Amino acid sequence: MADIATRRSISFPAPRGPALLALALGSAAAILSLWHLSALLPAHRWAEALLAPDLTDMTQVLFHYSALPRLTMALLCGAALALSGALLQRVLRNPIAEPTTLGISAGAQLALGTATLYAPAAMEFSREAVALAGAAAAMLLVMALSWRQGLRPVSVVLSGLIVGLTCAALSATLILLNGEYLMSLFIWGGGSLSQQGWSDVLALLPRLALAGVAAVLLMRPLILLGLDDSAARGLGVALHATRFGVLLVAVWLAASVVSLVGIIGFVGLAAPTFARLAGARSPRQVMGWAPVIGATLLWLADGVTQTVAATQADLIPTGAMTAMLGGPLLLWMLPRLHALAGPTDAGTASTGIERDARHPWRLVAVLAVALPLLCWAALTFGTGPSGWTAATGDLFTQLLPWRAPRLAAGLCAGAMLATAGTILQRLTGNPMASPEVLGISSGAGLGFAALVLAVGTPSRMEQLAASTLGAAAALAVMLLLARRSSFAPERLLLAGVALAAFCGSVLGVIMASGNTRAFQLLGWISGSTYTLETSDAVLAAAVATVLILIVPVTARWLEILPLGETTARSLGVPLGSSRLSLVVLASLLTAAATLVVGPLSFVGLMAPHLARLIGLRRPLTHLVGATLLGAFLMGLSDWLSRTLAFPYQLPVGLFATLIGGPYLMWLLARPSGSKGG
Amino acid sequence: MTLPTRRAVCAAALALLVPPVMSLPVAAAPVEAASRVAAVDWAMLETALALGVTPVAGTELVHYRRSVVTPAVPDEVADLGLRGAPNLEMLLRTAPDLILSSHFYTGIRQRLTRIAPVHISTINAPNGRPYVRALTETAELGSLLGRAEAARTLIDDTEAAMERHRRTFRNLRPGPILLVNMGDTRHVRTFGADSLFGSVLERLDLANAWTDRTQYRASATIGIERLAETPEATLVVVEPTPPGVEPVLTSSPLWRALPSVRAGALVRLPAVNPFGGLPAATRFADLLSRHLTGGTADG
């Protein structure tokens with residue numbers, strides 16, 4: 001019976017596209033490698049250095065123990081990540097699934113950071129075991145969170161994203177609190193392929209081989225998993241067991257790579273996509289070609305990295321370079337992408353656990369009352385030199401100018417991000433859409449980073465201008481790309497992820513350099529309201545008021561667009577122009593908010609979800625509820641970030657993620673009495 | 001805890017709209033010799049301490065006690081939190097009449113000024129010679145704090161120590177020095193000519209083997225394979241080294257093949273603040289001299 005489903009996909013010969021792509025990438029990489037190697041050691045001495053290196057000759061040592069292992073490692077890591085990505089994309093039926101989007105890499109990194117600080121003995125014992133434990137814990141958490149939804153693809157990815165963000169926030173907090181001591185975490189975050197012997201290669205090789213065998217054995221059920229759940233079940237696939245097995249293999253591969261060289265994002269996303277773009281049709285072809293393309297892609301990226309690094313004193317991590325190469329390439333090829341992987345069941349209702357509140361406006365009223373209460377508490381209570389105090393009278397007046405602007409700006413930013421997130425989630429019909437995911441925040445971050453590198457210690461106005469320009473540029477790229485596909489939601493999302501990965505990689509390069517400016521950047525990226533002045537607060541309030549008041553006008557679009565294109569057209573909603581207006585509105589909201597709290601708050605992802613999970617599902621109540629929740633979340637974060645570790649101040653964006661992430665996890669995992677379809 | 005009065009709330013609403021500088025008591029007259037000093041910059045903090053002034057507040061004191069070590073910070077100094085984000089509420093409540101800051105804090109300079117007059121250090125500013133700047137700035141800080149005499153003594157003592165070490169090294173002829181700080185098992189951080197350590201090497205007439213660009217923060221993160229580019233240099237590792245690095249390095253063929261390691265000439269120094277002032281410079285020179293001239297023998 002399986003033959004019916006698989007006969008077409010086994011039909012070899014395979015299309016020539018993927019082979020040509022791999023050949024092109026591979027030959028470019030080979031030329032670069034040969035050039036580097038011959039610059040290190042004349043070609044006629046390679047055999048000697050390879051077989052029996054003279055340990056007193058430094059160039060031979062470098063050739064044998066640094067250059068060759070690095071080259072091999074690039075190939076192995078590329079293949080491992082690509083296979084991991086291909087498996088994840090297949091099993092989750094989601095084209096943007098890869099180790100970094102599922103929280104696996106972030107979990108591993110958090111484990112490494114925590115162990116470095118609190119259990120150094122574990123790090124002495126085995127860094128790899130620590131990373132594997134972290135990655136496995138993150139994945140288990142993701143599985144646990146989405147178990148109730150029967151490990152449905154969208155739930156898994158959503159949980160993965162939340163777990164990943166929470167882990168990343170915790171890692172950033174560790175770095176901030178422990179300063180330069182965690183230089184290693186910066187480097188791991190960037191993913192450097194520098195080698196100092198063959199031990200890493202020998203560690204990864206058997207793992208990759210085993211995972212490859214496992215992937216071949218799991219091929220048949222995997223192909224059937226591409227069908228929808230009921231069809232696959234009907235054909236006798238043990239859904240949970242298969243998914244669990246495939247996820248395990250994918251996590252194991254990704255964790256091995258993270259533990260050895262750090263986070264190399266994007267290869268797991270790009271390689272399977274490239275394989276499909278180049279003409280690989282069947283799962284078997286994608287699964288077969290993705291590792292080859294991944295290996296050559298990372299090989300090439302590392303070659304380019306070394307070429308660029310030769311002109312720079314600073315370390316340039318290869319992980320960052322992959323995204324710099326792959327990002328634009330993916331953006332360019334996107335309009336040529338005909339079919340995204342398998343049937344997607346993404347949709348606003350797809351998490352399937354929310355229910356309508358009986359009195360939605362009452363809920364909104366409760367939120368509306370809670371917000372001023374929070375503001376009063378945040379302005380009055382705080383930690384002082386002698387513990388918690390309520391500021392009254394003179395002290396209140398004296399502290400107010402220091403507490404009010406950041407609280408006000410934080411509230412506005414939270415509200416704007418939440419509104420933008422609601423718009424984007426309804427527009428794309430995808431619960432993972434958020435301003436952070438669409439790359440607009442990253443664009444603003446990139447503008448800021450460029451300024452910090454160019455000027456060093458920029459003024460407040462220069463910072464604002466640079467961030468706005470960055471956000472606008474990112475927005476322009478997104479609009480340009482999206483227009484070609486008349487703003488089709490999936491492409492918008494994929495383009496956004498590519499753009500975010502690109503911007504993120506540039507920031508990664510700066511971070512990995514360990515530059516003291518990296519700390520300036522880290523402070524802003526992790527979302528600090530610390531630097532906000534009264535003028536910022538007034539500006540944020542004005543922009544927020546104007547933009548948020550426009551949004552209710554679009555309520556009808558937001559009601560209809562999630563129902564699908566056909567319905568929308570038949571109800572007379574102009575698809576192109578309505579989507580354009582909504583995207584522009586969301587981008588403006590995001591840009592303004594990002595300037596205030598940095599690009600890493602994730603309130604835009606969480607607030608709309610929270611609003612829906614408590615039962616606000618109609619567009620208008622959803623919008624108002626999410627906006628209030630976003631403001632509340634950010635206000636609470638600002639208060640806590642200021643007081644909890646007093647006098648040490650933590651970035652508000654991190655706190656928003658740390659508060660919202662676990663709560664969202666709890667909401668996802670809790671038993672739900674009335675499961676709405 | 002009483003509720004804020006209506007007047008306070010009105011004042012609060014107003015304060016949101018007018019520049020807060022109006023609602024704050026600002027230090028009226030320029031201070032002659034500041035008595036309540038707060039230091040947000042570490043180089044300034046240690047210099048003030050070395051001049052015999054105990055600041056009312058300093059940043060990241062827990063970390064300071066662990067990695068700067070000398071001069072010690074008394075317990076009564078209030079902690080202002082992270083260097084990257086000094087707690088302004090706390091700063092306000094310690095009521096300083098002078099704030100010692102640096103070029104790292106240009107972004108919050110305006111707001112620091114609203115609390116008290118600000119003195120800005122450029123010791124570790126980009127592309128400078130931190131040691132030379134530190135000599136000048138110590139004198140400046142001395143007169144600012146009414147400790148001109150102490151500053152004179154500190155400068156003379158430091159210079160005398162440097163001169164003594166320079167003569168020792170002239171006889172020793174140790175060759176070029178490659179200063180690194182271990183990042184992880186595959187990466188190190190080097191210190192260039194524009195770092196405090198680099199400019200101390202210059203003062204001691206020692207050659208710094210890292211001549212490459214170290215933009216903006218006086219140090220560069222590189223892969224350990226690049227240590228092989230300067231085979232003639234003596235490798236000096238400045239602590240702290242992250243846990244788990246040592247065992248991997250000792251079994252790494254590449255690390256073991258490095259000339260310094262192979263010859264057993266690797267030197268390890270305890271932690272020194274890389275962004276310090278004269279006290280850090282002296283500590284670095286003392287440690288370097290002690291460890292280069294016969295390991296621990298010179299105790």
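Trainee: What makes up the secondary structure of chain A?

Mentor: Chain A of this predicted model has 29 helices and 2 strands. A run counts as a helix if it has at least four residues, and as a strand if it has at least two.

Trainee: How do you know what share of chain A is buried?

Mentor: A residue is called buried if 20 or more other C-beta atoms lie within 10 Å of its own. Of the 677 residues in chain A, 59% are buried. As for contacts in chain A with a separation of 6 or more, 80% are between residues 24 or more positions apart.

Trainee: What describes the packing of helix α4 (residues 58-92) and helix α15 (residues 283-309) of chain A?

Mentor: Two packed helices are described by the angle between their axes and the distance between the axes. For α4(A) and α15(A) the angle is about 145 degrees and the axes are 7 Å apart. Their crossing is right-handed.

Trainee: Which residues make the contact between α4(A) and α15(A)?

Mentor: Two residues are in contact if their C-beta atoms lie within 7 Å. From α4(A) the contact includes A:Ala74, A:Leu75, A:Gly78 and A:Arg90. From α15(A) it includes A:Val286, A:Met287, A:Trp299 and A:Asp302. By class, the contact has 18 nonpolar, 3 polar and 2 charged residues.

Trainee: What makes up chain B?

Mentor: Chain B has 12 helices and 10 strands. Of its 299 residues, 50% count as buried. Residues 24 or more positions apart account for 64% of the chain B contacts with a separation of 6 or more.

Trainee: Which domains does chain B have, and how do you know?

Mentor: The domain assignment gives domain 1 (17-121) and domain 2 (152-292) of chain B. Across the boundary, 11 residues of domain 1 are in contact with 10 residues of domain 2. On the domain 1 side, helix α2 (residues 42-50) of chain B supplies the largest share, 5 residues. That side has 7 nonpolar, 3 polar and 1 charged residues.

Trainee: What makes strand β4 (residues 98-102) of chain B enclosed?

Mentor: In β4(B), 5 of the 5 residues are buried, so the strand is largely enclosed by the rest of the structure. Both of its faces are covered. B:Leu98, B:Leu100 and B:Ser102 are buried on one side, and B:Ile99 and B:Ser101 on the other.

Trainee: How do you know which strands β4(B) pairs with?

Mentor: Strands pair if at least two bridges are found between them. β1 (residues 37-39) of chain B and β4(B) have 3 bridges and run parallel, so they meet that cut-off. β4(B) and β5 (residues 118-121) of chain B have 4 bridges, again parallel, so they meet it too. Within these pairs, B:Leu100 is the bridge partner of B:Ala39, and B:Leu100 stands opposite B:His119.

Trainee: Why are β3 (78-79) and β5 of chain B called edge strands?

Mentor: The sheet is open, with its 5 strands in the order β3-β2-β1-β4-β5 and parallel pairing. β3 and β5 of chain B each pair on one side only. Further in, β1(B) and β2 (residues 57-58) of chain B are joined by 2 bridges in the parallel sense, and B:Ala39 has B:Gly58 as its partner in β2(B).

Trainee: What is the strand order in the sheet of chain B with mixed pairing?

Mentor: The order is β8-β7-β6-β9-β10, in an open sheet of 5 strands. β8 (219-223) and β10 (267-269) of chain B each have a single partner strand, so one side of each is left without a neighbour in the sheet. The twist averages 35 degrees from one strand to the next.

Trainee: What joins β10(B) to β9 (residues 234-238) of chain B?

Mentor: There are 3 bridges, and the two strands run parallel. B:Val238 is opposite B:Leu269 of β10(B). Helix α12 (residues 278-292) of chain B lies across β9 and β10, at about 150 degrees to β10(B).

Key:
Residues are numbered from 1 along each chain as its sequence is written. Chains are lettered from A and ligands numbered from 1 in the order in which they are written. This is a predicted model: local features need pLDDT of at least 70, side-chain atom pairs count only at pLDDT 80 or more; totals for chains, interfaces and linings use all residues. Domain bounds come from an automatic or database domain assignment. Ala, Val, Leu, Ile, Met, Phe, Trp, Tyr, Cys and Pro count as nonpolar, Asp, Glu, Lys and Arg as charged, and the others, Gly among them, as polar. Axes are lines fitted to C-alpha atoms, for helices over the stretch in contact, and angles run from 0 to 180 degrees between N-to-C directions. A crossing is left-handed if the near helix is turned anticlockwise from the far one by less than a right angle, and right-handed if clockwise. A residue is buried if 20 or more other C-beta atoms lie within 10 Å of its own, exposed if 12 or fewer, and partly exposed in between; C-beta atoms are placed from the backbone.
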